[in-house]
Amino acid sequence: MSDCRVCVECGHRVDALYRVFSARNIQLLPCAHCKKIVDPFVEFDHIVVALDALRLRLPVYRHILWNIQATVASYTKILVAIIFFSTYARLFSFSPEEPFKDVLHNLFAFAATLIELLAYTAGCFIASSILLFTSSTNFKLTFLKHVEATIVASASSILFVTILIWSYEPNFVALLRLLLLASHIVSTLALVERRGGNILVACMVVACGALVRGCIRWVLTGTPPPTSLPLILSLFG
C-alpha cells in the first residue's frame, strides 16, 4: 500500500487498509494508534459513502482523499457536473425566472466558474504552504492534491439540481452554499492535518482561497467584493 494511506478515525498513517485472503475474502485491519478499524468504508457502497460525505463526516473525507485511487476521468466528470450546477446556481441567483436567457452570457459564466475554482484552489495551496511552512513533517501537499480536495468538497453542488426541478426562493441557494462552505472546511481539514494542521488552519486556508476567488471574480465580472453573507457564500458555489 502507498504511504499516503491513513486511518480514517485518527488520521495517522498506516501501511495497509486490509489483508487479502482471496478474491472475495479480505480482513479489515486495526489501526496501531487508535486500535479501531483503519477504514471500514472500503466495504461500503459508493452511494453510502456519498451520503456520509453530505453529513460532513471527517472520516469519510479522509477515506476519499487518501484511501482510494480515483481516476482522472472520474474526477473530470465530477468537475463538469460541479461547474454546471454551480453556474446554474449563480445565474439563478441573478435571474430566478430565466437563468438561461442569454447563451453567450451562459458560456462566459461557465468559463468564469472554472477559472474561479482554479483560483480558489491556488489560493488554498499558497495559504497552506505558508501556514504549514514550519511543519515538522516531511509530507508535502501538492497542488494536484488541493485540486482533488476542492473537487471532493464542491461535489455537494449536485444538490443544486433541486432548484432545476422545484421552485425555491434564492435564500435556499444560500443555505446550500452554507453546506458547501462547511464541506470545504472539512475537506481542507482532512488535507492539512497530514502536515500538522488543525481546524483553525483549515478555516484560514479556505478563507484565503475564497479571497483569491473573490478577487478573480472582481476582475472577470466587475463584481465588487462581497459585503453580505449571501454574497460571501456565493464564493463557494
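**Entry 1: a ring to start from**

I opened with F143, and at 32% relative accessibility it counts as partly exposed. For the wording I use buried for under 20% relative accessible area, exposed for over 50% and partly exposed in between, with a 1.4 Å probe and protein chains only. The model is predicted, so I note that local features need pLDDT of at least 70 and side-chain atom pairs count only at pLDDT 80 or more, while totals for chains, interfaces and linings use all residues. Residues are numbered from 1 along each chain as its sequence is written, and side-chain values use heavy atoms, with hydrogens and water left out.

**Entry 2: aromatic pairs**

Next I went through the rings. Rings of Phe, Tyr and Trp (its six-membered ring) pair if their centres lie within 6.5 Å; planes under 30 degrees apart are stacked, over 60 edge-to-face, and the rest tilted. How many aromatic pairs does this rule give? The count is five. In one of them, F84 and F85 have ring centres 5.2 Å apart and planes at 80 degrees, so I log the pair as edge-to-face. F84 is partly exposed, at a relative accessible area of 31%, whereas F85 is buried, at 11%.

F125 and F143 are also edge-to-face, because their planes stand at 85 degrees, with the ring centres 5.7 Å apart. I then checked where these two sit: F125 is in helix α4 (residues 103-131) and F143 in helix α5 (residues 143-154). Helices here are DSSP runs of H or I with at least four residues, strands are runs of E with at least two, and both are numbered from the N terminus. The two residues are 18 apart, and the pair links distant parts of the chain. F125 turns out to be partly exposed, with a relative accessible area of 26%. I also noted a cluster: ring pairs link F84, F85 and F110.

**Entry 3: charges over W66**

I then looked for charges over rings, taking NZ of Lys or CZ of Arg within 6 Å of the ring centre and within 35 degrees of the ring normal. Which residue lies over the face of W66 at 4.5 Å from the ring centre? That is K145. R194 also has its charged end over the ring of W66, 4.6 Å from the centre.

**Entry 4: helix α1**

Which residues of α1 are buried? I found V49, D52 and A53. They lie on the same side of α1, because the arc they cover around the axis is only 105 degrees; the arc is taken from the directions from the helix axis to the C-beta atoms. Among what covers the buried residues of α1 is α2.

After α1 comes L56, with a positive phi near 60 degrees.

**Entry 5: positive phi**

A reminder to myself: most residues other than glycine have a negative phi. L56 is found in the loop between α1 and α2 (58-66) and counts as partly exposed at 28% relative accessibility. K35 is not a glycine either, yet its phi is positive, about 70 degrees. I place K35 in the loop between β2 (25-28) and α1 (46-54), and at 64% relative accessibility K35 counts as exposed.

With contact meaning heavy atoms within 4.5 Å, and neighbours within four places in sequence left aside, R62 meets V6, C7, V8, E9, C10, G11, N67, A190 and E193.

H146, in helix α5, is buried as well, at 2% relative accessibility. Not counting residues up to four places away in sequence, H146 touches T121, C124, F125, S128, L141 and L191. That brings me back to F125, the ring paired with F143.

**Entry 6: cysteines**

Last, I searched the whole structure for disulfides, meaning cysteine sulfur atoms within 2.5 Å of each other, and the search finds zero.
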